[in-house]
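Thanks for coming, everyone. I have one model to walk through this morning. Please have a look at it first.

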Amino acid sequence: MATETRRVILHSRPGVDKPPTESNFALDRQEIPQCKEGEILVKTLCLSVDPYMRFRMNDNMEAALKGYLAPWPLGEPPVGGGVGKVVQSRSHKFQEGDIVESFVWPWQEFAVLSADASNLNSVNKEESPFLCSHPSLLLGIVGITGLTSYIGIKEKAHIKPGADQAVVISGAAGACGMAAGQIAKLEGCGIVIGICGTDEKCRFLTEEMGFDVAINYKTTKNISEQIKMKCPAGVDVYFDNVGGEISNEVICCMNKDGHIPLCGQISLYNEDVPFPAPVPQDIQDMLNDNNITRERFLVLNYTEKVPDGKKQLEAWVREGKLKNRETVVEGLENTARAFVAMMSGGNIGKQVVKVAE
């Protein structure tokens, strides 16, 4: 039994207007605490790094009080999505060998967790052998990421099968974007247009993920013009992952009574602005005049829909209807590198850190 664990800790804060760097994190070691009654000792198998984590690097209690997530404390491991294996249990709820997952998993090799934590769930080996043998899916397409896309499309996009609605996804080659585009198709929309940052990602979207059109925003001078060419009837749904100027251009193409599920604003996460950030007045006037909804949503506000959502996502993946792609970085010591790369668009699909077999 291991007595010591390596940890990645938050060493410094980048500041509200600066991008994160690997130097904001550090690697250290700590003795593993004794596993007490009602606790389990887990071995980390894989970790998730996600854009929302950038908020937690700032000492911004105002954001926390508005209902987002509290800042990570300096000198402690960041927490996020994680999957692991129970190596010791002092609870009747879990047995040694169980695969468990949580969205508040610390960035360390071994951790002692409370068996009563509401965010800690085990994977039923008999019902979901597929997930037990593919644990990283619990962080992405069948986890909180996939659920974010699923709930955003189901609850906020208002897709009506047969209505031939046009859907645009920004950040489309990322974990949420690739899932949202596919789920929109499965829900019965018409054309799906993805916006991303490289030609490789464009090919990935159209050749692997079933998007009808992909636009490289870095090489396209006028995004709204391109959208209007590909979608002359206008855009009905915009699944927004990026915010900023890209979103402004998409909004200019939207139809009356359209919908914007506001999933993320990654282009603005390094800036000291509220979430969601306000849009320019002319864009706000456009939203108001055309009765376009622009709604932020959090999966945590739809807990009653999570069990059925996960079952649906797993079924689609097993049936081959929902395809997946991961960018995998090996080793706990490379977690910070994976996070920084993801924040600058270095991933295709879900960014995962593989810590152990």
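Ground rules first. This is a predicted model, where local features need pLDDT of at least 70, side-chain atom pairs count only at pLDDT 80 or more, and totals for chains, interfaces and linings use all residues. Residues are numbered from 1 along each chain as its sequence is written, and side-chain values use heavy atoms, with hydrogens and water left out.

A word on labels. Helices (H or I, at least four residues) and strands (E, at least two) are DSSP runs, numbered from the N terminus.

Start with the sheet. It is open, has six strands, and runs E10-E9-E8-E11-E12-E13 with parallel pairing. Two strands pair if DSSP finds at least two bridges between them. Which strands sit at the edges? Strand E10 (213–216) and strand E13 (293–296), each pairing on one side only. From one strand to the next, the twist averages 15°. Axes here are lines fitted to C-alpha atoms, for helices over the stretch in contact, and angles run from 0 to 180 degrees between N-to-C directions.

Strand E9 (residues 192–196) pairs with E10 in the parallel sense, over four bridges. Isoleucine 195 has isoleucine 215 in E10 as its bridge partner. Helix H5 (residues 175–186) packs on this sheet and touches strand E8 (167–170), E9 and strand E11 (235–239). Contact means heavy atoms within 4.5 Å. The direction of H5 makes about 170° with that of E8.

Now helix H8 (244–251). Is H8 mostly buried or exposed? Six of its eight residues are buried, so H8 is largely enclosed by the rest of the structure. Buried means under 20% relative accessible area, exposed over 50%, partly exposed in between (1.4 Å probe, protein chains only). The buried ones are Ile246, Ser247, Asn248, Glu249, Val250 and Ile251. They pack against E8, E9, helix H7 (223–230), E11, strand E12 (254–262) and helix H9 (281–289).

In the loop between E11 and H8 lies glycine 243. Glycine 243 is buried too, at a relative accessible area of 3%. Glycine 243 and glutamate 295 are 52 residues apart in sequence and 13 Å apart in space, C-alpha to C-alpha.

Next, a helix pair. Helix H4 (residues 144–157) and helix H10 (residues 306–318) pack at about 105°, with axes 10 Å apart. They are therefore roughly perpendicular. For the cut-offs, angles under 35 degrees count as roughly parallel, over 145 as roughly antiparallel, 65 to 115 as roughly perpendicular and the rest as oblique. Who meets whom? Gly146, Leu147 and Tyr150 in H4 meet residues of H10 including Val306, Leu313 and Trp316.

Histidine 158, in the loop between H4 and E8, has a positive phi near 55° without being a glycine. Histidine 158 is partly exposed, at 37% relative accessible area. Asparagine 291 sits in the loop between H9 and E13. Its phi is also positive, about 55°, and it is not a glycine either. Asparagine 291 counts as partly exposed at 48%.

Last, the rings. Rings of Phe, Tyr and Trp (its six-membered ring) pair if their centres lie within 6.5 Å; planes under 30 degrees apart count as stacked, over 60 as edge-to-face and the rest as tilted. How many aromatic pairs does that give? Five. Ring pairs join Phe25, Trp72, Trp107 and Phe339 into a cluster.
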